[in-house]
Amino acid sequence: MRNRDPYGLTYKAGGPHHRAYVGPPHDYDLVAGLVFSLLIAAGMRETNRVLDVGCGSLRVGRLLVPFLRPGGYYGLEPNRWLVKEGVRRELGRWMRRRKQPRFHYADDFSADAFGVQFDWIVAQSIFSHTYPDLTVTGLTRLVPTLTDGGVMLATFVEGDTIDGSGWRYPQCVEYQWEDMQAILSQAGLAAEPISWPHPRQRWFIAARPPQKRRLTVLADRLRLGTDGWKP
């Protein structure tokens with residue numbers, strides 16, 4: 001029987017469709033484009049290694065895999081079915097064979113399983129679903145997988161920080177920037193907020209402390225004056 005809703009538009013965010021499960025399905029293309037363009041604006045090149053934390057159904061992966069050279073894309077995702085659907089319905093099996101993306105299926109931020117270090121780590125709408133204890137754990141495990149000059153780009157939901165433990169999905173966990181900055185520092189990262197567009201969340205850029213000056217330059221470049229931005 002023909003799929004009458006291939007784009008999942010009749011599903012709510014978190015629903016059992018490969019696009020809806022990772023967020024509002026009507027924003028699937030928008031978020032993919034915003035993440036990809038942010039990486040390009042920040043300096044990503046085709047020769048880089050990129051870790052996509054919570055790669056899901058390859059929302060941004062379907063843009064990154066063709067762009068990067070073979071073996072340059074790494075996806076960390078707890079839900080194997082999402083990646084399978086993403087390859088089948090978004091990326092294509094031929095592109096997977098051609099570009100050889102690698103995947104690791106875990107919910108514990110164990111990116112060290114790949115055995116490589118990354119020039120870029122992107123975590124879009126990941127720390128918006130982790131309470132502070134898991135945010136600290138996740139960041140602490142990701143930091144060693146950055147190259148010396150590697151950069152992390154990630155989002156969070158701004159609001160009053162609340163108590164809890166572990167994951168919260170599909171609901172969100174909110175943070176005041178000062179609290180998120182303290183968590184990042186605890187994990188061994190310097191960070192700056194940036195104003196890159198996003199439908200509902202706020203971006204930050206982070207790296208090892210010796211890269212702080214570079215972060216400031218990048219953050220200034222990436223502050224686009226997005227007050228009142230609408231898609």
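**Close-ups of strand 5 and its surroundings**

**View A. Strand 5 meets strand 8.** Strand 5 and strand 8 (residues 202–207) run antiparallel and are joined by 5 bridges; two strands count as paired if DSSP finds at least two bridges between them. One spot to look for is F156, whose bridge partner in strand 8 is R202. Helices (H or I, at least four residues) and strands (E, at least two) are DSSP runs, numbered from the N terminus. A quick note on what you're looking at: this is a predicted model, where local features need pLDDT of at least 70 and side-chain atom pairs count only at pLDDT 80 or more, while totals for chains, interfaces and linings use all residues. Residues are numbered from 1 along each chain as its sequence is written, and side-chain values use heavy atoms, with hydrogens and water left out.

**View B. Strand 5 with its parallel partners.** Strand 4 pairs with strand 5 in the parallel sense over 5 bridges, and I121 sits opposite M152 in strand 5. To get from strand 4 to strand 5 the chain goes through helix 5, a β-α-β crossover that is right-handed (with the strands pointing away from the viewer, the path from the first strand over the helix to the second runs clockwise). Strand 6 is also a parallel partner of strand 5, over 2 bridges, with V157 opposite E174 in strand 6. Strand 5 is mostly covered, with 10 of its 13 residues buried (under 20% relative accessible area, 1.4 Å probe, protein chains only).

**View C. The buried residues of helix 5.** Helix 5 (residues 132–142) has L134, T135, V136, G138, L139 and L142 buried. These buried residues pack against strand 1 (50–53), strand 4 (118–123), strand 5 (146–158), strand 6 (174–175) and helix 6 (177–186); contact here means heavy atoms within 4.5 Å.

**View D. The largest pocket.** Its volume is about 530 Å³, taken as the space filled by probe spheres set on grid points joined across faces, edges and corners. Of its 28 lining residues, G54, E77, S125, I126 and Y169 are the closest to the centre. A pocket is an open set of points on a 1 Å grid over the protein atoms alone, where a 1.4 Å probe fits, with protein on both sides within 12 Å along at least five of seven lines; lining residues have an atom within 4 Å of a point. Helix 1 (28–42) and strand 1 each supply at least two lining residues.

Definitions and conventions: Buried < 20%, exposed > 50% of the residue type's maximum accessible area, 1.4 Å probe, protein only.
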